Amino acid sequence: MPKFLRVGVHQSNVSGYTSKAWCIRRVGSTVFLKWGAVDVHGAGDERKVYWTVPPRVKTIRCGTAQRAQDYARAAIARRRSHRYEPLAGPIAIRRRSAERSTELKQALATILIVDIVRSTEKAAKLGDARWTKVMGHYYAAVRKELKASRGKEVVTTGDGVLATFRAPAAGISCATTIQKAVRTLGLEIRIGLHAGEYTVSGGEMVGLAFHIGTRVAAKARAGEVLVSSAVRDLMSQSQIRFRDHGVHQLKGVPERWRLYRVED
């Protein structure tokens, strides 16, 4: 079964990051797909890759063996053009004790989502080699500001970053400094922030708050930092200036949310 690891920036010799893996297998006229988030530990020959949660699976019945073969080839070609690298070793499911897996902990945080605008268009224009170098500088800049603001990186999604902060002011400050830091790279980014509760289960973070934060970021235009009303309400005594961005229906999220634009 061919396997691929999405690296976004070439991280073959880096340990301790979250990415995405994708696998394909063809049996006769049927194609089996498997994909999901993974944790990468170690580097080089010692690298080990673990599914963070059970992977998603899909079965595609193509009718003929030739169609299945063509489908598999095209799917593999698409992954290679989307910054996936071939993965030779196995992808394991991390075993956790029953006690740890059932342990639930509620937490409150400000969630920050950074996303590159028109990244596919930019990558096609620059070419793989230059784009990989730009992405390396991009991730380095984002992580530098996260560290300075005491933010915690949760996951990378190819060209996006999701992080959490204990205080909304720290998240907003980090967002504005990230905007300034990446301008010299010729990248346009949008950032969204939301404050809410999430659940820590077996070391993993889950909750609607992450989905709301992602939808807030999707409403932002290039160069904008948008926050939800949950963040704005926590900042009533702050010197940070906001402009009302209206009430929005966030895709897949209950109710409508008022958003605010962070003013420079």
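Tutor: Begin with the word contact, which here means heavy atoms within 4.5 Å. This is a predicted model, in which local features need pLDDT of at least 70 and side-chain atom pairs count only at pLDDT 80 or more, while totals for chains, interfaces and linings use all residues. Residues are numbered from 1 along each chain as its sequence is written, and side-chain values use heavy atoms, with hydrogens and water left out.

Student: Which residues does Thr 30 touch, not counting residues up to four places away in sequence?

Tutor: With that exclusion, Thr 30 touches Arg 25, Thr 59, Ile 60, Arg 61 and Ala 68. Helices (H or I, at least four residues) and strands (E, at least two) are DSSP runs, numbered from the N terminus. Thr 30 belongs to strand S3, residues 30-41.

Student: Is Thr 30 buried or exposed?

Tutor: Buried means under 20% relative accessible area, exposed means over 50%, and partly exposed is in between (1.4 Å probe, protein chains only). Thr 30 has a relative accessible area of 10%, so Thr 30 is buried.

Student: Where does Ala 68 lie, and what is it in contact with?

Tutor: Ala 68 is in helix H1, residues 65-80. Its relative accessibility is 0%, so Ala 68 counts as buried. Leaving aside neighbours within four places in sequence, Ala 68 is in contact with Arg 26, Gly 28, Ser 29, Thr 30, Val 31 and Cys 62. Ala 68 and Val 31 are 37 residues apart in sequence, yet their C-alpha atoms are 6.2 Å apart in space.

Student: How do I read such pairs at the level of the chain?

Tutor: Take the contacts in the protein chain with a separation of 6 or more: residues 24 or more positions apart account for 63% of them. The chain has seven helices and 15 strands. Of its 264 residues, 45% are buried.

Student: What does Gly 192 touch, not counting residues up to four places away in sequence?

Tutor: Gly 192, in strand S11 (residues 189-201), touches Ile 111, Leu 112, Ile 113, Val 216, Ala 217 and Leu 226 on that count. Gly 192 and Leu 226 are 34 residues apart in sequence and 4.9 Å apart in space, C-alpha to C-alpha. Gly 192 counts as buried because its relative accessibility is 0%.

Student: How do I read a nonpolar core?

Tutor: In soluble globular proteins, nonpolar side chains tend to be buried together. A nonpolar core is a set of buried Ala, Val, Leu, Ile, Met, Phe, Trp, Tyr and Cys residues joined through side-chain atoms within 4.5 Å. The largest one here has 42 residues, and those with the most contacts inside it are Tyr 138, Ile 172, Ile 178, Ile 189, Ile 191, Leu 193 and Val 227. Helix H4 gives the most to this core, with eight residues. A second, separate core of 12 residues includes Leu 33, Trp 35, Ile 60 and Cys 62.

Student: What is Val 227 in contact with, leaving aside its neighbours within four places in sequence?

Tutor: Its partners are Ile 172, Leu 193, Val 216, Arg 232, Phe 242, Arg 258, Leu 259, Tyr 260 and Val 262.

Student: How do I read the packing of two helices?

Tutor: Axes are lines fitted to C-alpha atoms, for helices over the stretch in contact, and angles run from 0 to 180 degrees between N-to-C directions. Angles under 35 degrees count as roughly parallel, over 145 as roughly antiparallel, 65 to 115 as roughly perpendicular and the rest as oblique. The axes of H4 (residues 128-148) and H5 (residues 168-182) come within 9 Å and cross at roughly 150°, so H4 and H5 are roughly antiparallel to each other. On the H4 side the contact is made by Tyr 138, Ala 141, Val 142, Glu 145 and Leu 146, and on the H5 side by Cys 174, Thr 177, Ile 178, Ala 181 and Val 182.

Student: At what angle do H3 and H4 pack?

Tutor: H3 and H4 pack at about 125°, with axes 6 Å apart, and are therefore oblique to each other. Ser 119, Lys 122, Ala 123 and Leu 126 of H3 meet Asp 128, Arg 130, Trp 131 and Val 134 of H4.

Student: What is the phi of Arg 118 and of Arg 150?

Tutor: Each value is positive in a residue other than glycine: near 55° for Arg 118 and near 60° for Arg 150. Arg 118 lies in the loop between strand S8 (104-116) and helix H3 (119-126), and is partly exposed at a relative accessible area of 47%. Arg 150 is in the loop between H4 and strand S9 (152-156), and is exposed at 78%.
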